[in-house]
Amino acid sequence: MAREKKVHNPLFHVVKREPLPFLPALGIRAAAVVAALIVSALVITVLSQQNPLEVYKSMFEGSFGSSVRIWNLALNLAMLLCVSLVVTPAFKMKFWNIGAEGQVLISGLATVACMFFLGDQFAFLGDKKPYVLIPIMLGASILAGILWAVLPAIAKALWNTNETLFTLMMNYIAIQLVAYFLKKYVKSGSGVLEPMPQHGLPVIGDMDYLLSILIVLALTVIVYVYLKHSKQGYEISVVGESVNTAKYIGINVKKVIIRTLAISGAIAGVAGFLLVGGINHTISTTTVGGRGFTAIMVSWLAKFNPLTMIITSFLIVFMERGAEQISSDFNVDPSISDILTGIILFFIIGCEFFLQYKIVFNKNRKEEV
Amino acid sequence: MLSFLVSAIRLGMTFLLGSTGETITEKAGHLNLGTPGVMCVGAACGCFVEDLYLSQTGLYADPVIAVLLPVAAAFIGSAVMGLLFSFMTVTLKVNQNVTGLALTTFGVGVSDYIISQTGLAFQRGSKFFNASFSFAEDLGWFGELFLSHGFLIYLAIFIALLTTFVFNKTKIGLHLRAVGENPATADAAGINVSAYRYAATCIGCGISGLGGLCFIMNYLNGNWEYCIDAIGWLAIALVIFTVWKPSIAILGSIVFGGLYIANTYITGFTIQDNELFKMLPYIVTIIVLLFTSIRDSKKNQPPQSLGITYFREER
């Protein structure tokens, strides 16, 4: 292209840096969050002519303003974390599963089907009903999740089919299936299924969602141990680093891909089971509510570490909830919460650059030319 | 039957614009999952400017400006989204899937906000968009099928053909494909990888954005609906369905449009069957995806470095 013999010497260049120690990395991330907060406050101030400090106050109160809100925050955090656990093992293997939305939804559909068709059948069992019904719900849910996750994995293992696109399509098939069954079986024809709490998970004390939250926490620890300290977890990270290395040291890559996605699907099964059986007691096409996509960012930001994901999912749930609160407090159109979420995500995602690369300014620029 | 085909074409061209834009982006190696958001922004920018223009001019709006101004606005608005995507993925080198998904969230928010400022009715503007040849009516079914459409429909086909030509017959197209297949080799050959990726993504997003505008103005006759993002995901599916070839996409998009609306034209189905029908485009896409990967023919594969960020020192 360039035919003249001119040495191009840019002002600066970018080099990859060694992994940063914990504290500086945390500092960069915190700076990104602060920058995101400043920009979002600016946007709100421009659109609503409010004092920025009021904006922050409203944002904070959105999550911590009352015990109900704190409770909701914990619940949303737990569910987002649970869906993030679905995508994490696959991501660690560089298998871009963006179908968590569908995998969780189809599991929810299996759960709700058990509640709908079997719930009243088992009424004769009386007090013992949950001991029979709940394992059936969980089993059906996990099987459905595994089915939805393993199909793309098999195609990937056998024919190297692009998994991003396959899993994406599976989302919409799951959504349409839910819409179909709702239209078919809801007698009123409204397509809205009445909640069936009588067939749901038992309640600990009087705290409705505590059991679900505890299950998610336990699951997080299990996934962490599995990925970090088991042989299979090690195989996953080797395949993720380099398929060729994995083949060379005798790992059966196809088997690992299919097995890992089966595990992902099983986690999706638990997530769908909790969402439907433990929390909503019904299903709609928006039950998962985009968590399948947000989960991708949660997992990626946490570098696929399940324990760090607690922090990243808290961050995202807090920001989303805060953005909603701002829009209702200051009478701005609700769409502003999507805009703010987007801005915040860009900042948090963008700061990864500064964690992985550093900019080196070329000091003796003039002399070299 | 005729009205079914006409609707299928109009909806199809929405998909065609969306997928041609995405194809250009993907040929440069960018898997932009932000396309649904980009199409929302394109539609909203176009509608907003149309609304502004018509309210300024009052009754005597110039029919040419009333079309070109919103088209330009939609293109620019969406191209800015593409710029954002490229900045994140090329300059900051962050993951494309994550950036794309964030872009979709952001784009849906931006478009909803813009529309909350204008209202949902653009019927007056839509008349300009659907204005077609006056002699079309005299030609019976032929005229209605091929000549009754507005400017954007023909623009969509033109862009698809032009894109095919550029891909296959020009040096720019060759370079672009090289960047998408193997950026390291392209870089070694002296092609500016970053510049190509930036340009392809911005132009691609601009074209995708026109798809959003086409959906509102030509297909829905100016009635805003909050489902453009669903259309956007289908546009991404169409890219695979047509194996990264905009020329095939001209027909493929009409098939998609037909599949999407078939349920409202075929009688004898219940409401629940309609929901199953809406699954068809996705199932067909999966089948095509499987089929192309099983056949493993070199011609019909995704660009080799699709979704992979290029960093010169890392090869």
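Colleague: How many residues of domain 1 of chain A are in contact with domain 2 of chain A, and what makes a pair count?

Modeller: Twelve residues of domain 1 of chain A are in contact with eight residues of domain 2 of chain A. A pair counts because the two C-beta atoms, placed from the backbone, lie within 7 Å. Bear in mind that this is a predicted model.

Colleague: Which element gives the most to that side of domain 1 of chain A?

Modeller: H13(A), with eight residues on the side that touches domain 2 of chain A. By class, this side of domain 1 has nine nonpolar, two polar and one charged residues.

Colleague: Now the helices. What makes H11 of chain A count as mostly covered?

Modeller: A residue is buried if 20 or more other C-beta atoms lie within 10 Å of its own. In helix H11(A), residues 291–301, eleven of eleven residues are buried. They include Arg291(A), Phe293(A), Trp300(A) and Leu301(A). So by that cut-off, H11(A) is called mostly covered.

Colleague: What do the buried residues of H11(A) pack against?

Modeller: In chain A, they pack against H3 (67–92), H4 (100–118), H6 (163–185), H12 (306–329) and H13 (335–350). Helix H4 (96–118) of chain B joins that list. Just after H11(A), Lys303(A) takes a positive phi of about 55°.

Colleague: How many residues does each chain give to the contact between chains A and B?

Modeller: Chain A gives 41 residues and chain B gives 41 residues. On the chain A side, the elements giving two or more residues are strand S1 (12–16), helix H5 (129–159), H6, H11, H13 and helix H14 (352–356). By class, that side has 26 nonpolar, nine polar and six charged residues.

Colleague: Why is strand S2 of chain A said to lie largely in the open?

Modeller: Count the buried residues. S2(A) covers residues 357–361, and of those five residues the number buried is zero, so the strand lies largely in the open.

Colleague: How do you know that S1(A) and S2(A) pair?

Modeller: Two strands pair if DSSP finds at least two bridges between them. Five bridges join S1(A) to S2(A), so they pair. The two strands run antiparallel. One of the bridges links Lys16(A) to Tyr357(A) in S2(A).

Colleague: Over to chain B. Why is its radius of gyration said to agree with a compact globule?

Modeller: For 315 residues, a compact globule would come near 20 Å; chain B has 19 Å, so the value agrees. Along its principal axes, the C-alpha trace of chain B spans about 60 × 45 × 40 Å. Of its 315 residues, 54% count as buried.

Colleague: Which elements does chain B have?

Modeller: Chain B has 14 helices and zero strands. Among contacts in chain B between residues at least 6 apart in sequence, 81% join residues at least 24 apart.

Colleague: Why does Asn221(B) count as partly exposed?

Modeller: Exposed needs 12 or fewer neighbours, and buried needs 20 or more. Asn221(B) has 14 C-beta neighbours inside 10 Å, so it falls in between. Asn221(B) sits in the loop between H10 and helix H11 (228–241) of chain B. Its phi is near 55°, a positive value in a residue other than glycine.

Methods
Residues numbered from 1 in each chain as written. Chains lettered and ligands numbered in written order. Predicted model: local features only at pLDDT ≥ 70, side-chain atom pairs only at ≥ 80, totals over all residues. Helix = DSSP H or I, 4+ residues; strand = E, 2+ residues; numbered from the N terminus. Nonpolar A, V, L, I, M, F, W, Y, C, P; charged D, E, K, R; others polar. Rg over C-alpha atoms; globule rule 2.2 N^0.38 Å.
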